[in-house]
Structures are given as structure tokens and as C-alpha cells.
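Please consider the following points on the ligand site and on the confidence of the model.

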Amino acid sequence: MDDCCSASGAAPRRTGVGDERYDAVFDERFARRVARHYARRGLAAPERRIVAYLVDEVGVEGARVLEIGGGVGELQLALLERGAASTVNLELSAAYEKTAHRLLAEAGVAGRVTRTVGVDIAEHPNAVGPADIVVLHRVVCCYPDAERLLSAAADLATSALVFSHPPRSVMSRAAAGWVNLVMRLLGRGYRGFVHSPDAMVGVVSAHGLHASYRHQDRVWCIVGARR
Ligand SMILES: C[S@@+](CC[C@H](N)C(=O)[O-])C[C@H]1O[C@@H](n2cnc3c(N)ncnc32)[C@H](O)[C@@H]1O
């Protein structure tokens with residue numbers, strides 16, 4: 001295990017160890033459910049949209065991809081299949097690893113994927129090297145400080161950054177409030193967030209990316225930004 005402290009005094013980085021806030025919610029059952037869905041039906045609509053944007057508008061041939069909060073890694077499998085050279089997955093939950101490694105072995109791409117658990121890139125922005133493409137799918141809404149997370153992600157993206165987020169609607173805020181109430185009652189530390197979409201786009205713009213693609217949806221909106 002690699003333990004180190006950041007110069008900023010942020011929490012120690014404990015590589016290989018999950019964060020209990022995320023381990024408890026995004027557990028092995030969640031990982032198996034996502035993998036089962038992927039095996040039966042392939043990518044869901046928002047993931048297909050992300051892949052289409054990256055393949056058609058950015059280009060993935062030979063690309064190095066960094067996915068932050070990539071779960072079992074099904075998006076990465078799709079990008080590798082379409083010509084990406086390699087991927088790095090950062091996760092705060094340790095519960096995906098068994099399922100993810102099974103999927104990688106089945107797809108025959110284990111040698112092109114690096115999976116790291118326990119590194120919060122928002123707190124340790126230099127923990128991994130840059131990538132051509134950085135992806136955060138269904139992640140910003142699970143993290144309290146979207147500005148810090150997207151700033152770190154944008155700085156690592158040499159070509160493009162794509163992220164998804166829930167719309168900021170009465171429904172989504174009510175849903176997040178309900179989830180957070182349940183989490184509080186269960187004594188869990190996980191919280192969901194409905195960050196301002198325009199503020200998030202403002203963050204990536206401030207880091208030199210142009211958000212040229214915005215898909216609005218009732219569940220997962222997608223922002224694609226190019227350098
Ligand atoms: C709703 S899950 C989505 C997982 C996967 N992207 C998917 O769509 O199936 C959100 C994930 O984001 C991860 N996460 C949240 N903040 C993170 C961060 N700063 N770094 C890495 N992973 C993070 C959590 O551990 C969790 O697994």
C-alpha cells in the first residue's frame with residue numbers, strides 16, 4: 001500500500017483502499033448489477049451517447065483514456081474496442097475490482113488497463129499523468145466539490161473531457177434530498193449532489209476547454225469539451 005500526504009495537507013492518499021462513504025453504497029452487488037446489465041443489453045443510452053461523441057467528434061484511435069469513477073469499466077471496454085490504446089480507471093470504491101477484472105479478462109484487454117483504488121484526484125491532482133481523453137460518467141453528482149473535481153479532471157485532459165450530470169430540476173433535487181435523508185437515517189456518509197450545470201461548464205471553460213457538446217436529458221445530461 002502506498003501512503004503519502006499531499007503538500008496541501010489534504011487527507012493522506014491510501015492507494016488500494018476504498019473510501020467507506022463509497023464502498024458502502026457502490027458495493028459488490030452494485031458492481032455485479034451493472035456488469036449483468038452490460039452483459040445482457042450492452043451500454044445504456046447515456047453511455048452510448050458518450051462513446052458516440054468521443055468516437056465521432058473527438059476520435060479515440062490510439063487515445064489514452066482516464067476515467068474517474070469508472071466503476072466496472074464498461075465505458076472503457078467500449079473505447080478500447082473502438083481503438084483507444086489504453087485506459088486508467090480511478091475509483092474511490094474498492095468493490096468493483098473483482099467484477100472489473102473478470103470483464104477485462106473476458107474481453108482480453110487486461111494488459112491495456114490500469115485500475116487504481118483510493119486516489120481522489122480532486123485532492124491529489126498530480127497523482128496520475130495526463131490523458132488524451134478524461135471521462136466522468138455519473139460521478140460529479142456523487143462528489144461534494146464539483147469545482148475541485150472538474151478542475152483536476154480538466155487539467156489532465158490534453159484533448160477532451162466528457163462528463164455526465166443530472167439535470168438541475170425540482171425532481172432531481174427532490175430525489176437527491178430523499179437519498180440523502182435515507183443515507184443519514186442509515187448512518188452512512190455518502191451524499192448525492194445536484195450541482196449547477198452552468199457552473200460546471202464554467203469550471204471546465206476556466207481550465208481551457210470549450211464545451212462544444214451539451215446533451216440535455218431528464219436523467220443524464222452530457223457535456224463534451226475540447227481543448
Ligand atoms: C454512480 S457511481 C458510477 C460508476 C460508473 N461510472 C457507472 O456509471 O456505473 C459513482 C462512482 O463515482 C466514484 N467517485 C466519486 N467521486 C470520485 C472521485 N473523486 N474519484 C474517483 N471516483 C469517484 C464512486 O466511488 C462511485 O463508484
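1. By class, the shell around the ligand comprises 10 nonpolar, 5 polar and 3 charged residues (Ala, Val, Leu, Ile, Met, Phe, Trp, Tyr, Cys and Pro count as nonpolar; Asp, Glu, Lys and Arg as charged; the others, Gly among them, as polar). The shell numbers 18 residues, of which Gly69, Glu91, Tyr96, His137 and Arg138 are the closest; a residue belongs to it if one of its heavy atoms lies within 4 Å of the ligand.

2. This is a predicted model, in which local features need pLDDT of at least 70 and side-chain atom pairs count only at pLDDT 80 or more, while totals for chains, interfaces and linings use all residues. Residues are numbered from 1 along each chain as its sequence is written, and side-chain values use heavy atoms, without hydrogens and water.

3. The chain averages a pLDDT (the predictor's confidence in each residue, from 0 to 100) of 94, and 94% of the residues score at least 70. Over residues 1–10, however, the pLDDT is below 50. Where pLDDT is low, the predicted coordinates should not be read in detail.

Notes
Contact = heavy atoms within 4.5 Å.
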